[in-house]
Amino acid sequence: MTTRLDRIIQERRRKLDRIRGRGINPYPYGYHRSHTAQQAIALLKQQEDSGKIEAPGVNIAGRIMANRPMGKISFLDIRDASGKIQLCFHKDHLHEESRELFEDIDIGDIIGVSGKLFQTKSGEPTIEVENFTLLAKSLQPLPEKWHGLSDIDKRHRQRYLDLIANAEVKEIFQVRSRVITDIRQFLNQRGFIDVETPILQSSAGGALARPFITHHHSLDQDFYLRIAPELHLKRLIVGGFDKVYELGRTFRNEGISTKHNPEFTMLESYETYADYDDVMKMLEEMVSEVTEQVLGTDEVEFSGSTINFKPPWQRLELRQAIIKHCGLDFEGFPDTDSLRTEMIRLGMEVDPQKDRGRLIDELISTFVEPNLIQPTFLLDYPVEMSPLAKAKPDDERLVERFEAFAGGMELANAFTELNDPMEQRERFLRQQRERQAESETMETVDEDFLLALEYGMPPTGGLGVGIDRLVMLLTNQQSIREVILFPQLRDKP
């Protein structure tokens, strides 16, 4: 049975055949543009402001988004990356070949036009088309309501269609690009070196996460997609770099949610002779400055709340925050079994395989995190939660670690880095023993990293920032899929 869509596609293919039959290449090699749509509009305004009578001529190109025929005149809207501009086609002013071609163009086609700029009686900047060229024939129709494509699954699976149909989506990714550019600029200006470390790693270390595993056939060896660049970046600190950072993809073979995607973008930075207090100050300055540069303000609207990134951010001890929000003091439950029993008493469903550190993390995510709307640092975590962080000098049960939260979600994680090779080895081995039952997710022991530490790593402050979540906050998006151009999706059956 032939559907309406099938008939539309068949008609477009017939038009394509007619165009080719007239000796016209419907997919030519290039086109010289003199202006973008926005540049053309600005040029017209400049001409009018200066009182010049002669209309300027322009060459622009873009995708046809609307066609409003009015007898022998048709008004078309075309859009390029800069925006939209109106075209006026007067059929009597076109050559016969162009008139024939005009009858075979459709919404969605990409064309190049040349002509004079003018302003309609209603004040609309318009190009009176003298010549036009078909640059790409669209065989698929745009969604009927192209200005409001709302099928979420289709938007994510066919992001190109989403970008065509929804101008505000393109703005999100323009903001994302500027955020990344300004973060790099912020760090570069402070003497950090932008580096690249392996994505294929022989040991999955630097975080507690289930890795993706692949096999290198020539070496006959399994490799892991990195779950964090941390251990390689610290090798560079050992090697003599004072300040390094990497901004790139990280991969974790875990669940998908509105806050989690299997591959995501993370910033990690390491600075010698700094501790977590120094990193805190740098992070709040960086986020505030980048927000101001990108949005023109350090305040954003997110999920119905106004979030102010101006420093200083609130600082709370982790232990006191958990006590405040659920009444449980984890120091009163020094082992896994006692803490699990108390959490069950609170009505929580508790995974029996989780150790004490991950149970405390569950308390944070359940009771504390949703309440941290304004930018907040949670400080001083139990040592079992942070095998790569240095213990506090006055309490070895805790480490100098913070997590930063805003909008009810985690934004960043940082340590005063552990640089004692003997203690680091013991922590790795202890964690490995405790998590033998869940070996898929345990942090493996990277012997080369431990060897590097034995050559001496200076005191260092480390930072990890979730770029996708930061962009979510700055663009008021509730799902991480809205800020990743091509999020992971389950294959359609």
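Q: Which residues are buried in helix H10 (residues 336-345)?
A: This is a predicted model, in which local features need pLDDT of at least 70, side-chain atom pairs count only at pLDDT 80 or more, and totals for chains, interfaces and linings use all residues. Residues are numbered from 1 along each chain as its sequence is written, and side-chain values use heavy atoms, with hydrogens and water left out. Helices are DSSP runs of H or I with at least four residues, strands are runs of E with at least two, and both are numbered from the N terminus. With buried meaning under 20% relative accessible area and exposed over 50% (1.4 Å probe, protein chains only), the buried residues in H10 are Leu339, Arg340, Glu342 and Met343.

Q: Why do the buried residues of H10 line one face of the helix?
A: The arc is taken from the directions from the helix axis to the C-beta atoms. Seen down the axis of H10, the buried residues line one face because they fall within an arc of 165 degrees.

Q: Which helix do the buried residues of H10 pack against?
A: Asp337, Thr341 and Arg345 are exposed on the other side of H10. Contact means heavy atoms within 4.5 Å, and the buried residues pack against helix H11 (356-368).

Q: In S9, what is the bridge partner of Leu200?
A: Two strands pair if DSSP finds at least two bridges between them. Strand S7 and strand S9 (residues 221-225) run antiparallel and are joined by 2 bridges. In S9, Leu200 has as its bridge partner Leu225.
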